[in-house]
Amino acid sequence: MIIYLHPENPEIRKLKQISERLKDGAIYIFPTDTVYAIIADAHSKTAVEKIYSIKKLPKDKPLSLLCKDISMASHFIEYLPNSAYRFMKRITPGPFTFVLKANKNLPKPSIAHHKDRQIGIRIPDHIYLSELLKIHDSPLTSTSAFSDDDFIIDIDDLETIYGNFVDGIVDGGIVKTELSTILQINDDSIQLIRAGKGYERIENEINALE
């Protein structure tokens, strides 16, 4: 089922309905600021397992955690230096994935099979997800939507491939595929893992830290 939302003022009623269904184990496809992503409530074991099954992912492959802001994200991080907190706060929301060690607060379904307890955290800059996260007020688990190693950018293709497996697909138009910039945050350092979307505006800061 394709779901249409207003591009500037997404309907709160529809987002509340999606939020309630997510809490009950539903999964959806949403546009993000990088690619289309399959999302689920991070606390729902049933929904997280659905994602692994649909994508045929090995259980030890980590999924991303979507948070509404750094304050929410910090609740799941074992240690976040003040300098890293300020850096993350300054550049988010945006197309960045922060790899950190999770603490015991992380929803178990999202890390049950991760031996090193590393988690990729995103604060996406897309109005649909941003508004949903405000309403849902709980982290979401996500992974990109692709087929045969190609990212799917067209809503009709998403419906054809995933329509029978997800509870809804939110139409975000043609999404230009741009992978996120991945940054590893350790105790006192920030290391570039992958230069992707948004890297040009933080390049000087990252180079100064290395």
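**Helices on the sheet**

Helices and strands are taken as DSSP runs numbered from the N terminus, helices being H or I of at least four residues and strands E of at least two. Axes are lines fitted to C-alpha atoms, for helices over the stretch in contact, and angles between N-to-C directions run from 0 to 180 degrees. The model is a predicted one, in which local features need pLDDT of at least 70 and side-chain atom pairs count only at pLDDT 80 or more, while totals for chains, interfaces and linings use all residues. Residues are numbered from 1 along each chain as its sequence is written, and side-chain values use heavy atoms, with hydrogens and water left out.

I then turned to helix α6 (residues 155–162), which lies across β1, β2, β3 and β10 (168–170). Its direction is at about 165° to β10.

**The sheet**

I traced an open sheet of 10 strands with mixed pairing, in the order β1-β10-β2-β3-β7-β4-β6-β5-β11-β12. Its edge strands are β1 (2–3) and β12, each of which pairs on one side only. Two strands are said to pair if DSSP finds at least two bridges between them.

I examined two of the pairings. Strand β5 (residues 96–101) is antiparallel to strand β6 (residues 118–122), with five bridges, and Phe98 stands opposite Ile121 of β6. Strand β11 (residues 181–185) and strand β12 (residues 190–194) are also paired in the antiparallel sense, over four bridges. Here Gln184 faces Gln191 in β12, and a hairpin of four residues joins β11 to β12.

**Nonpolar cores**

Which residues have the most contacts inside the largest nonpolar core? I noted Leu65, Phe98, Ile121, Leu183 and Ile202, in a core of 27 residues. A nonpolar core is a set of buried Ala, Val, Leu, Ile, Met, Phe, Trp, Tyr and Cys residues joined through side-chain atoms within 4.5 Å. Buried means under 20% relative accessible area, exposed over 50%, and partly exposed in between (1.4 Å probe, protein chains only). The elements giving two or more residues to this core are α3 (70–74), α4, β5, β6 and β11; α4 gives the largest share, four residues.

I listed the contacts of Ile121 (heavy atoms within 4.5 Å), leaving aside neighbours within four places in sequence: Leu65, Cys67, Ala73, Ile77, Phe96, Thr97, Phe98 and Leu100. Apart from this core lies another, of 20 residues, among them Ile38, Ile155, Val166 and Ile169.

In helix α4 (residues 82–91) the buried residues are Ala84, Phe87, Met88 and Ile91. They are on the same side of α4 because they cover an arc of only 95° around the axis, the arc being that of the directions from the helix axis to the C-beta atoms.

**Aromatic pairs**

How many aromatic pairs does a search of the whole structure find? I recorded two. Rings of Phe, Tyr and Trp (its six-membered ring) pair if their centres lie within 6.5 Å; planes under 30 degrees apart count as stacked, over 60 as edge-to-face and the rest as tilted. Phe96 and Phe98 form a tilted pair, 6.5 Å centre to centre with 35° between the planes. Phe96 counts as buried, at 0% relative accessibility, and Phe98 is likewise buried at 0%. Phe146 and Phe151 have ring centres 5.9 Å apart and planes at 75°, so their pair is edge-to-face. Phe146 is partly exposed at 28% relative accessibility, and Phe151 is partly exposed at 30%.

**Single residues**

I checked Leu129, which lies in helix α5 (residues 127–136) and is buried at 0% relative accessibility. Leaving aside neighbours within four places in sequence, Leu129 touches Phe30, Pro31, Thr32, Ile39, Leu66, Pro124 and Leu140. Its C-alpha atom is 9.3 Å from that of Asp33, 96 residues apart along the chain.

**Backbone**

I found a cis peptide bond from Thr92 to Pro93, with omega near 0°; Pro93 lies in the loop between α4 and β5.

I also noted positive phi in residues other than glycine. Lys56 has phi near 55°; this residue lies in the loop between α2 and β4 (64–66) and is exposed at 72% relative accessibility. Asp137 has phi of about 55°, lies in the loop between α5 and β7, and is partly exposed at 48%.
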